[in-house]
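The following note sets out numbered points on one structure. Please read each point with the model in view.

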Amino acid sequence: MRRPVIRPNHRSRRRGWIWPLAVALACTLTWSSPAGAGPSDSGLKGAIDKILADPRMDGAASGVVVADATTGERLYQRNGADRLMPASNTKLATSAAAMALLGPEHRYTTDVLTTGRRHGSTLVGDLYLRGSGDPTMLAADYDRLAADLASSGITRVTGRLVADDTLFDTQRLGRSWAADDESAYYSAQISALTVAPDTDYDAGTVVVEATPGERPGERPSVKLTPPTDHVRLDIRGTTVPAGQADTLTVERQHGTNTITISGNVPVGGDATKEWIAVWEPTGYAAAVFSDALAAHGVRIFGGPRLGLPTPPGARSLAAHRSMPLKELMLPFMKLSNNMHAEALTKTIGHRTSGRGTWAAGLAAVDSWLRKEGIATGTLRQVDGSGLSRMNLFPAEQLAALLLSVRDAPWFADWYASLPVACHPDRAVGGTLRSRMCNTPAALNARAKTGSLTGASALSGFVTDAAGRELVYSIVLNNHIASSVKSIEDAIVVTLASSRTAQNTITTAPPRTARTPAPAADLECAWQKPVPC
């Protein structure tokens, strides 16, 4: 899976790439079945089978399950037991387990502590910055911690700043994550101490923005958000005359924090904006906090130390609490944030076993799923986000999960976190905000999307034309076409258009796009600037 190259005309942060309409309501066919008969080839089965006969699925694999949300009755099943790569549908298991095991009111804390002695404005001893895994910590939050410390009257610290990230282990990257994604922000390193550059909360990344010089031959101007010396800029790019091609690229060199800006940018051209994963997020957090302390007049005489535990008995000097999990679920699920999923997985591990590791967290997720009636022996989950291509889930088990959580006390908050088809507000529509528009599924269907090269998934809820709530899971694999999203959409729109209890089926076959769709090798929300 390779990170897409973002061209100059796509660089406005909030400019959405409006996908073509995936489905049409034309081609309405109605069938009837004898009372009490199951789905027939001329009913729901025939309609969905016809959609899945799309030439893009030739030689590919599909698992599709549709069920009545109230009774659990399976209305359609196609290869529901086949293990397929779910991509970000993996987050359905992770997010639901997090709500159950951590609780919707769970908050992360980031603390500033010491065991030192206070002499006037001088703190004699070390200052500890202790993280608990908060993936939403902004530079502004570290600034407030520094301001609180300064307001207590401390201006000098004789010891060191110690960054305590020991609540999580030191395994930074997930199992079998692609090596060529190392600097991609959707594959950022996981630490109990990290920094997010914006309110998408892309933890462990910096935003690099390069703008052309005023005259040909000048180097582009480069800005970092947040400003930090944790990364080093190697600016090799050149401003060229207006009208020439924009070839500027921004990449971090392997195993370092050197970010290289190379290529050409024309005079008057758009800014190039990239979200780049840093190497060693604990050091990144320590650097941002150190800068904030200096800005508030607090001087630390010793250099920073990373990865040491806070001693027992340390007293708190300042603290930050995150938003509750039920609120964090919104950017997590709406925007399919990988780093949130992985932080939550390790947090679950620490909460349930005292070990902030992937192994402990995934074991707890597996145990919870089994208690919910999910046949975990039929699936494999190796990370929290679905970024690994080793994850395997049958569509039947994803549908079973959606059915099982409906009576959970936290279900309403979890349900609200699912993207809503065609809702224009990115905070509501998320990765579905430009899909299924002008259809009965618009503002009706809620679902988690999923995309990797050759893998696409859509699982969630929709209400049919007679008010019957349905659960569906669609997992498509091994396709060569750049996108099969319109096939998923056609199935969901068919469900929304039909009266399934009466077996009165209104089909909405996939429509060939009038304009090229964005490549589906990544979740659309992982492509910056965001095209969905």
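1. A residue is called buried under 20% relative accessible area, exposed over 50%, and partly exposed in between, with a 1.4 Å probe and protein chains only. By this rule, buried residues make up 58% of the 532 residues in the protein chain. The model is predicted: local features need pLDDT of at least 70, side-chain atom pairs count only at pLDDT 80 or more, and totals for chains, interfaces and linings use all residues. Residues are numbered from 1 along each chain as its sequence is written, and side-chain values use heavy atoms, with hydrogens and water left out.

2. The protein chain has 11 helices and 24 strands. Helices (H or I, at least four residues) and strands (E, at least two) are DSSP runs numbered from the N terminus. Where heavy atoms within 4.5 Å define a contact, residues 24 or more positions apart account for 74% of the contacts in the protein chain with a separation of 6 or more. The accessible surface, from the Shrake-Rupley method with a 1.4 Å probe, comes to about 19,800 Å² for the protein chain, and 51% of it belongs to carbon and sulfur atoms.

3. Five strands form an open sheet in the order β19-β9-β7-β4-β20, with mixed pairing; two strands pair if DSSP finds at least two bridges between them. The edge strands, β19 (305–306) and β20 (315–321), each pair on one side only. Helix α3 (residues 139–151) packs on this sheet, where it touches β4, β7 and β20, and its direction makes about 150 degrees with that of β20. Helix α4 (residues 281–295) also packs on the sheet, touching β4, β7, β9 and β19, at about 140 degrees to the direction of β9. For such angles, axes are lines fitted to C-alpha atoms, for helices over the stretch in contact, and values run from 0 to 180 degrees between N-to-C directions.

4. In which sense do β4 and β7 pair? Strand β4 (residues 109–114) and strand β7 (residues 127–130) are antiparallel over four bridges, and V112 stands opposite L129 in β7. By contrast, β7 and strand β9 (residues 161–164) pair in the parallel sense, over four bridges; here L127 has L161 in β9 as its bridge partner.

5. A further open sheet has three strands in the order β12-β15-β14, again with mixed pairing. Because β12 (232–235) and β14 (249–252) stand at the edges with a single partner strand each, one side of each is left without a neighbour in the sheet. The twist averages 20 degrees from one strand to the next. Strands β12 and β15 (residues 258–262) pair in the parallel sense over four bridges, with I261 in β15 as the bridge partner of I235.

6. Rings of Phe, Tyr and Trp (its six-membered ring) pair if their centres lie within 6.5 Å; planes under 30 degrees apart count as stacked, over 60 as edge-to-face and the rest as tilted. The count comes to eight aromatic pairs. The ring centres of Y185 and Y186 are 5.9 Å apart and the planes stand at 70 degrees, so this pair is edge-to-face. Both Y185 and Y186 are buried.

7. F411 and Y415 form a tilted pair, 5.5 Å centre to centre with 35 degrees between the planes. Both lie in helix α9 (residues 411–416), four residues apart, about one turn of the helix. F411 is buried at 13% relative accessible area, whereas Y415 counts as partly exposed at 23%. Ring pairs link F411, W414, Y415 and F461 into a cluster.
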